[in-house]
Amino acid sequence: MRKILLLFMFSSLTIYGQRNQKPNEVFLAGYAEKISGNEIEHRAKEVAGLNRTIVSRANVGNQRIEWKTVPVDIKKHDGEITFVHYAGYDAKGPGTIFNFYVNDVKQGEIVLPGTKTSRWSIPLKNKGTLSFEKHYLDNNNGCFGFLYYTVPAKSLKKGTSLKLAVDAVNKKKQTYFKIFKKNLTEAINITALPALINKNGKNFQTLIAEIVFIKKPANGQLSIDGKLERTINLKPGIQTIKIIYPEVKKEKTVTLSLDLGDEKITERIKLKPLKKWEVNFVQHSHTDIGYTRSQTEILAEHPRYIDYALDYCDATDNFPETSRFKWTCEASWAVDEFLNSRSQEQIERLKKRVEEGRIEITGMYFNFNELPDEPSLAASLAPIKNIADKGIKVTSAMQNDVNGIAWCMNDYFNTLDVKYLTMGTHGHKALISFDTPLAFWWVSPSGKKMLTYRAEHYMTGNTFGVHQSDFESFEKHLLEYLIKLEERGYPYSKTAIQHSGFMTDNSPPSMKASHLIKQWNEKYKWPKIRTAVASDFFEDFEKEYGKDLIEVKAHWPDWWTDGVASGARDVAATRNAHVNLIAGQGGLSMAKLMGSSMPKGIDARIFEANKALLFYGEHTFGAQESISQPYSKATMEQREIKESYAWEASRRSSMIVEEAKGLLNEYMGKSKDASIAVFNTLNWEREGLIEMFIDHQQVPHGKKIRLVDDNGVVYPAQILKPWHGGTYWTAWVKNIPPFGYKKFNIEVYEDHHAHSHANGERHSHNANFDYKEKTHYIQLDNPWYSIKIDKKKGTIAQIYDKDLSKNILDKTSQYNLGEFILEKLGGREQLQITKTVNGARYGHLKDYTRQPLDSVWLSEIKEGEIWNTIKFRGKTETAYDDLEAFSFEIKLFNTAKRIDFAFELKKKPIVDPESFYISFPFKLDEGKIHFEISGGPIEAGVEQIPGSANDWNTVQNYVQIKNKNEQIVLVSPEAPIMQFGDINTGRFDYGAVPKSNNLFSWPMNNYWVTNFNADQRGMYTWTYSLTSMDNSSNKAATKYGWEHRVPFLPRIIPASPIEKVGKNKLSVLSNIPDNVLIINAKPLENENAILLHLREVAGKDSTFKAKIFSGTAVKFIETNVVGEEIKETQNIIVNALESKFIKLIWE
């Protein structure tokens, strides 16, 4: 027989904390089966085989944990039965009370002691005792050891199991009590490790034998395949031994037996030929702009880490190739800063290490949340051009921490030949897509592909201890992980594990992993592990498995997007800055096509505006202590710096708009009367609202205006608000040419009557003002809608669409349209506790209230040329106690099939968890909810990666409720977060789809436990715009959404005694079909060219020739996302749903 090597593991893997049995005491396993309760992974550092617990916390929600004992098997009724568990509790929370139950009857209270207590015992009502013997205290003051429930034997019935339970007295804290899911019945549990060791030229596999023994100390005889191998001195507890067994080439059964004298325990294991794992360890620094420390520190550190990485490459050049230091730059921003600030010598060092494969530069500027729109995401890739110009190729991208990524990035990366994407998602307050890490082909809406790896958490390697010097701990955790990975169904033998130099975000690099991996490879033949950069895994994986991988054509929405509603005012500012930047660049491009030279430095100013938007769109919102210490120095400093990016973007985009209008103004004619030119930067003829400030030099105070075009057609205008030296006006204009403009004269006339009524006054002078008041409701009509307004609630109970001949609201909903719903939670932690893991569901929120406004009253009825208004005011405890602290204004348009809703809230600063919703209970027969993301519309819950965010989502420009023939479209310029089908907060249901057509806008919340803001304060204003139609196309919805987000550019042209002739109506760039959307038009400062960013929206291939108004010949150059030329084409070709970049060049 071949010799078997038997080695004992280190004593740290043996539990010595268990007490010995007393006379007439029988030990039985206390835990046999979970009945209910929250379950988490907890790897007991000191004990092998203990890794899952059921946990109760002294917090809100369902905190009860319940489990069964093993059946009672006793021969006599004297003495005691003791049920033995391995358990733990939070010793940082002394005095916290947990209740202990037996068969649903409370028997006693556990009052947690502090860290110095090694053992405790409490008497129970049933004459039993509950006691604890400490085994060890971990680094976080978690106390772990044996929990004993002792009861007189005569009180138990043979063959029955007990139902035991623990719950907590709610202290709104995370203080815990855990029961490990471990049956402590005497047994040998054998695990074959996926490891191969070579000793003296022979290969050996490794087995771990875990011996569970809870009786009196004894000697046991261990035999393997019938041959006595060792006498083991058994002590009560769990003891682990390692067995080195000759490598098997084919499946074989191995038998281990333990002879205890009065009984024999036997266990068999089928040994299979070893799976030969290859594991890449990818070191990076997770880039948080803030969080761990102030942005002012973090911004300087990441470029410096590249300096360190270069030095560490030098320091490990003499290591074996598999353990030399390697580094992956997670964010291209840091590399761009490095290239712009370091000497040529240092840049050459970087290039050399990149060429060697020791350092890799990846393509994402930052790890982004879902706020950046398509043009800004495209702009975020500009550093790749700078990197490429230095001779460095980028082939992969990483998005870490964030649980999703914009779908448009797939098309963008494809233009750059960036082929690979690593998604190191984070399961905090989120589901994780797919049950295991998964490599797949991620397919864009247009059919382009990226090889994508849904990796584990971005610091999984740190949980193994790869950043430390404890080889034994690293060895244990890595092998355990590989076993569990295979058990989870991972089909491959190659995997990649990310880690940082230290276990923290924004970590500096470290060489410790190189030393640990070197030591590993000296010991093990398999698994083979190595230091690596991100693309190493993909290149090997694609060759071996690429043809067999699944394709997933779906968007990847992010769970963490709810957090942006903790900064509602700043989010609104950035959303307005995004569309102003689109309009401003479009206006500059229009001026360029008309013959203007671009202002010097305009490219840089556009990029700086985008850069501010990208810094706000970077996923870090604030300090890690932002909730626990909401007014600390770190929290306030990081919050204010983050907010500054929003307002910088707002300022910069507004100035770019002004530069554009200033250039365009030079081409406008002048006359003795004031006029206005309205510029449309979208590529279809538009009508809609313009807003402008007109000073009293042009329109005297107290006068009214209307606009008149060349054909004498009059367009209505009305006052938004008077101001010092002028008035804010809005006007409704029509027939504004595609990517062009139309000029109107401003006609001033006397205002003989103001149609504003309040406090019970009711009369009308406007033929469009169709108004009826009943006892309980107000009915307001226009040519397209009849709306019924609930006077008591200040909400809309019915919207009857006259074209569709139906009410488009859900009569069965408990909420009306526009209803304000204040939600308060008993504790934020519910949203952590109720999350699901791999599809397991723990349920909705348990401890919360929802309430309407405290009081509501009708404030104003106002007639207008463009719309008629009904305005309510109200009070709510989340707002200041002020008569003007809340308002809801309904605007029913006279000029188009449209209803707008405007809200104001003067928010009190409240740090207790709260949020509010605005309800939109729509209903269409067989209607489905679709919404636009960065890349086009998707069906909610359907066209998205399994496990991605479905409780709430970010809406870029519009939501659709549509069936085959009809649709309702809703737009909110300021408030992007919505919940579909119901209020879903806390649902976390894998694969859930909307259960109705109801929408719930979610403008504000403070539900996070870190990073996001704990409070909001001051006046916040936000709006919605609604239409419905007998056309269910995405093209129609896109038009409505984009023309309500991207503003017209109005330019007031003062009256002039010197007249100047100019064209009053012109399409500057035409012949672009309306199923192809100009996402952005960027002027190129030093060329006779503009760069068009296009997306097809109707699902059909399109071929066309764009035309300049002057008839000048145009070249069409297809480019990548950063404007680098690919090829010249005779026509512009945009395939179905494709994002495309075309440079237009003219002489």
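Student: In this predicted model, how do helix H11 and helix H13 lie, and at roughly what angle do their axes cross?
Tutor: Helix H11 covers residues 568-594 and helix H13 covers residues 633-665, and their axes come within 7 Å of each other. Angles under 35 degrees count as roughly parallel, which makes H11 roughly parallel to H13. The crossing of the two axes is at roughly 25 degrees.

Student: How many nonpolar, polar and charged residues does the contact of H11 with H13 have, and is the crossing left-handed or right-handed?
Tutor: Sorted by class, the contact of H11 with H13 has 15 nonpolar, eight polar and four charged residues. As for the hand of the crossing of H11 and H13, it is left-handed.

Student: At what angle do H1 and H13 pack, and are they roughly parallel or roughly perpendicular?
Tutor: The axes of H1 and H13 are 10 Å apart, and the packing angle is about 70 degrees. Angles of 65 to 115 degrees count as roughly perpendicular, and H1 and H13 are therefore roughly perpendicular.

Student: Which residues in H1 meet H13?
Tutor: On the H13 side, the contact is made by Glu637, Gln638, Ile641, Lys642 and Tyr645. The residues of the contact of H1 with H13 divide into three nonpolar, three polar and two charged. On the H1 side, the residues are Gln295, Thr296 and Leu299.

Student: Which residues is Phe901 in contact with, leaving aside its neighbours within four places in sequence?
Tutor: With neighbours within four places in sequence left aside, Phe901 is in contact with Ile796, Leu817, Phe888, Glu889, Ile890, Phe920, Trp1022, Thr1023, Tyr1024 and Leu1026.

Student: Why is helix H2 largely enclosed by the rest of the structure, and which elements do its buried residues pack against?
Tutor: Helix H2 spans residues 332-341, and seven of its ten residues are buried, so H2 is largely enclosed by the rest of the structure. The buried residues of H2 are Ser332, Trp333, Ala334, Val335, Asp336, Phe338 and Leu339. The elements against which these buried residues pack are H1, strand S23 (327-329), H3, strand S24 (359-361), helix H5 (382-389) and helix H12 (602-617).

Student: Is Glu355 buried or exposed, and what is its relative accessible area?
Tutor: Glu355 has its place in helix H3, which covers residues 344-356. In space, Glu355 and Lys393 are 9.0 Å apart, C-alpha to C-alpha, while in sequence they are 38 residues apart. A residue counts as exposed when its relative accessible area is over 50%, and Glu355 is therefore exposed, at 64%.

Student: Where is Asn506, and is it buried or exposed?
Tutor: Asn506 lies in the loop between strand S29 (494-499) and helix H9 (512-523). Although Asn506 is not a glycine, its phi is positive, at about 55 degrees. Since buried means under 20% relative accessible area, Asn506, with a value of 1%, is buried.

Student: Which residues does Asp167 touch, not counting residues up to four places away in sequence?
Tutor: Asp167 is in strand S13, and this residue is buried, with a relative accessible area of 14%. Not counting residues up to four places away in sequence, Asp167 touches Ser56, Gln63, Arg64, Phe98, Asn99 and Tyr101.

Methods
Residues numbered from 1 in each chain as written. Predicted model: local features only at pLDDT ≥ 70, side-chain atom pairs only at ≥ 80, totals over all residues. Heavy atoms only, no water. Contact = heavy atoms within 4.5 Å. Axes fitted to C-alpha atoms, helices over the stretch in contact; angles between N-to-C directions. Helix = DSSP H or I, 4+ residues; strand = E, 2+ residues; numbered from the N terminus. Parallel < 35°, antiparallel > 145°, perpendicular 65-115°, else oblique. Left-handed = near helix turned anticlockwise from the far one by under 90°. Nonpolar A, V, L, I, M, F, W, Y, C, P; charged D, E, K, R; others polar. Buried < 20%, exposed > 50% of the residue type's maximum accessible area, 1.4 Å probe, protein only.
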